[in-house]
Amino acid sequence: MDWYPSAVYYSQATNPQLASHVSRAQASGLPGATFEAPLTRTTDPAVNQTNRDLACGDAPSVTGKSCDEYPVASSKQGLSAGGTRRTFDGCGFPGIPAGQGPTGVSVCMITATENSSQGGLHSAMYRSERVLQDDPFRVIVIP
């Protein structure tokens, strides 16, 4: 039986800010979009929290927005694995440079509702596809 990494889909129509951030992050070299370079799930709450804290712990307070990190906190490719933060113009993180390459994370302030939606999308995919600890998965942006 063939096996391949499951995918979670971010819709540009439904979550435009999330989709834009992830598309730019993947285009900058961060993994997760392909079979050859998927993300790897971690179910360890301490790793998830460390990934969030390192990526977004000093995020600015902006009404209606929250910090999005890519790769997602529930992946082993978060900042707990090393690397540095990067961002893009318009993401609300002055002083953090742009960057390229397969390590580190991208951060961007997006609407809080889209960031919450992202968590729900991942939870649903992890459950329905039985993506467990150390399983690979992909993040695909669709129109």
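Helix α1 has twelve residues and spans 16 Å from its first C-alpha to its last, close to the 16 Å expected at 1.5 Å a residue. The expected span is 1.5 Å times one less than the number of residues in the helix. Helices (H or I, at least four residues) and strands (E, at least two) are DSSP runs, numbered from the N terminus. The model is predicted: local features need pLDDT of at least 70, side-chain atom pairs count only at pLDDT 80 or more, and totals for chains, interfaces and linings use all residues. Residues are numbered from 1 along each chain as its sequence is written, and side-chain values use heavy atoms, with hydrogens and water left out.

The buried residues of α1 are L18, A19, H21, V22, A25 and Q26. They lie on the same side of α1, because they cover an arc of only 165 degrees around the axis. The arc is that of the directions from the helix axis to the C-beta atoms. Buried means under 20% relative accessible area, exposed over 50%, and partly exposed in between (1.4 Å probe, protein chains only). The cover over the buried residues of α1 includes β1 (6-11), β3, β5, α3 (112-128) and β6 (136-142). Just after α1, G29 takes a positive phi of about 115 degrees.

Within α1 (residues 16-27) lies H21. Its relative accessible area is 0%, so H21 is buried. H21 touches D68, E69, Y70, F88, S106, V107 and C108, not counting residues up to four places away in sequence. Contact means heavy atoms within 4.5 Å. H21 and S106 are 85 residues apart in sequence, but their C-alpha atoms are 8.2 Å apart in space.

Helix α2 (residues 45-56) also has twelve residues. It reaches 16 Å from its first C-alpha to its last, close to the 16 Å expected at 1.5 Å a residue. Its buried residues are N48, N51, A55 and C56. These cover an arc of only 90 degrees around the axis, which puts them on the same side of α2. They pack against β3 (65-70), β4 (85-86) and β5 (105-111). At the start of α2, a side-chain oxygen of D44 comes within 2.8 Å of the backbone nitrogen of A46.

Strand β5 contains T111. With 18% relative accessibility, T111 counts as buried. T111 touches Q17, G64, K65 and S66, not counting residues up to four places away in sequence.

The structure holds one aromatic pair. The ring centres of Y126 and F137 are 5.5 Å apart and the planes stand at 80 degrees, so the pair is edge-to-face. Rings of Phe, Tyr and Trp (its six-membered ring) pair if their centres lie within 6.5 Å; planes under 30 degrees apart count as stacked, over 60 as edge-to-face and the rest as tilted. Y126 lies in helix α3 and F137 in strand β6, so the pair ties together parts that are eleven residues apart in sequence. Both Y126 and F137 are buried. The charged end of R41 sits over the ring of Y126, 3.8 Å from its centre. This requires NZ of Lys or CZ of Arg within 6 Å of the ring centre and within 35 degrees of the ring normal.

Several backbone features fall in loops. Y70 and P71 are joined by a cis peptide bond, with omega about 0 degrees. P71 is in the loop between β3 and β4. R130 is in the loop between α3 and β6. Its phi is near 55 degrees, a positive value in a residue other than glycine. R130 counts as exposed, at 62% relative accessibility. D134 is also in the loop between α3 and β6. D134 is not a glycine, yet its phi is positive, at about 70 degrees. With a relative accessible area of 41%, D134 is partly exposed.

Terms used
A polar contact is a pair of N or O atoms within 3.5 Å; within protein, one must be able to donate a hydrogen and the other to accept it, and residues adjacent in sequence count only if both atoms are side-chain atoms.
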